Amino acid sequence: MNIHEYQARALLKAAGVPMLDGDVASTPPVAEAIARRIGGKVVVKAQVHVGGRGKAGGVKLAANPGEAADAAERILGMQIRGLTVHKVLVVPAADISSEAYVGLIMDRETQRPVFMVSPAGGIDIEEVAAKTPEKIRRLPVDPTYGLLPHQALALAFFLYKDFAQVKAAAQIMERLYTVFTHNGCSLAEINPLVTTPDGRVLALDAKVVIDDNELFWRPDLEELRDESEEPPAEAAARRANLSFIKLDGNVGCVVNGAGLAMATMDLVKYYGGEPANFLDIGGSSNPEKVVNALKIITTDPNVKAILFNIFGGITRTDDVANGIKTALAQFPVKVPIVVRLTGTNEAEAFRILQGIGMTALSDMDEAVQQVVRAAKGAA
Ligand code: GDP
Ligand code: MN
């Protein structure tokens, strides 16, 4: 789950990471009022779930409250990589002497949180990694011990020479690690971490991604979700309790069980097709889940054919067949549907489908080949 910069800042601030206080606005007059309260120069920043806002014109300096209102006027409603800006953050402008990068990601390879730090901050860390990898230092952290003081200092020495700044940066890294572990993050980064002419070390930008699988023990974090920033299909799937991930292909897949869903996607690819999604309707699927699944899949204009692949166990195949029947009675599905089902109550399921003029297959290979042909317009 992505969250906004202002929300990420609140998490960092609660952990004691130094930064300048600001506030969010949804209208230019409110942005102006915040700028007046702050006094002096401010920065007006688009709040959207994408990086690189600066380059896209979503970060503007304003010398006074009037300019802050103008900047908000231009940024609000702006599209950045397909997402609309609904809020801006107004913060005091900092004088910057240097920009560094400090980030923590959950790394699958080492199965640990890994720190990445670089004195070349402010720009995309991917760019630094590609062009000047020697400017990045990585440190996997053993979660048993956490980030030890000498490790934090070593990372900080890679960024700064001045010892006061080294100590400040080391403390910020320890606090960032706390934010990361206490909030179930898959990513927490500060870019840029700046030094000011008077020697302070401050976080100017914050990005936090919370692992969806961690939300069960932090239901309070769910309140930070902004559905207007998510693909509508994924938000609808979450509300319907379906595991759904949109992909770029044209074969819609409705499957029960994550393992079978993966195998189905593999087979679609094996026969030359491209899956349009991963969708697991879960173990004990009721007809309503099937209706919701079809609704979600058919909103994707790329989908040219739909495959049901159901292995009946706890899932009753007649429930799935009834779901298909109900869905087709509720709304038109304009693309071909191929159904493969086998297992619990399959005779009843075949009968239900026959009743609405559909035939189901019991062989997975055959069904996948058929749906791939259908998606290519050959069947
Ligand atoms: P991003 O582009 O989405 O990562 O947005 P950032 O908040 O990181 O801002 C992008 C860049 O704008 C930073 O790297 C800075 O160079 C500049 N910037 C942001 N805030 C300030 C500020 O308070 N003062 C100054 N002088 N520049 C800023
Ligand atoms: Mn940034």
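Author: A polar contact is a pair of N or O atoms within 3.5 Å, where, inside a protein, one atom must be able to donate a hydrogen and the other to accept it. The model is a predicted one, and in it the backbone oxygen of Leu-204 lies 3.0 Å from a polar atom of the Arg-9 side chain, a distance to be set against the limit of 3.5 Å.

Reader: What makes Arg-9 count as buried or exposed, and where does Arg-9 lie?

Author: Arg-9 belongs to helix α1, which spans residues 5-14. Its relative accessible area is 7%, and because buried means under 20%, Arg-9 is called buried.

Reader: Which residues is Arg-9 in contact with, once its neighbours within four places in sequence are left aside?

Author: With contact taken as heavy atoms within 4.5 Å, the partners of Arg-9 are Met-19, Leu-20, Lys-45, Leu-89, Val-91, Ala-203, Leu-204 and Ala-206.

Reader: Why are the buried residues of α3 said to line one face of the helix?

Author: The buried residues of α3, a helix running over residues 65-75, are Pro-65, Ala-68, Ala-69, Ala-71, Ala-72 and Ile-75. Viewed down the axis of α3, these residues fall within an arc of 165 degrees, and so they line one face of the helix. As background, an α-helix has 3.6 residues a turn, so residues three or four places apart point the same way. The face of α3 turned away from the buried side carries Glu-73 and Arg-74, which are exposed.

Reader: What covers the buried residues of α3?

Author: The cover includes helix α2 (28-38) together with the strands β2 (42-46), β3 (59-62) and β6 (88-92).

Reader: Why is Asn-241 called exposed, and why is Asn-345 called partly exposed?

Author: Asn-241 has a relative accessible area of 61%, and exposed means over 50%, so Asn-241 is called exposed. Asn-345 stands at 34%, which falls between the cut-offs of 20% and 50%, and therefore Asn-345 counts as partly exposed.

Reader: Which peptide bond is called cis, and what is its omega?

Author: The bond from Asn-191 to Pro-192 is cis, with omega near 10 degrees, and Pro-192 lies in strand β10, which spans residues 185-195.

Reader: How many helices and strands does the protein chain have, and what percentage of its residues is buried?

Author: The protein chain has 12 helices and 18 strands, and buried residues make up 50% of its 379 residues. Among contacts with a separation of 6 or more, 66% join residues 24 or more positions apart.

Conventions:
Residues are numbered from 1 along each chain as its sequence is written. Chains are lettered from A and ligands numbered from 1 in the order in which they are written. This is a predicted model: local features need pLDDT of at least 70, side-chain atom pairs count only at pLDDT 80 or more; totals for chains, interfaces and linings use all residues. Side-chain values use heavy atoms; hydrogens and water are left out. Helices (H or I, at least four residues) and strands (E, at least two) are DSSP runs, numbered from the N terminus. Buried means under 20% relative accessible area, exposed over 50%, partly exposed in between (1.4 Å probe, protein chains only). The arc is that of the directions from the helix axis to the C-beta atoms.
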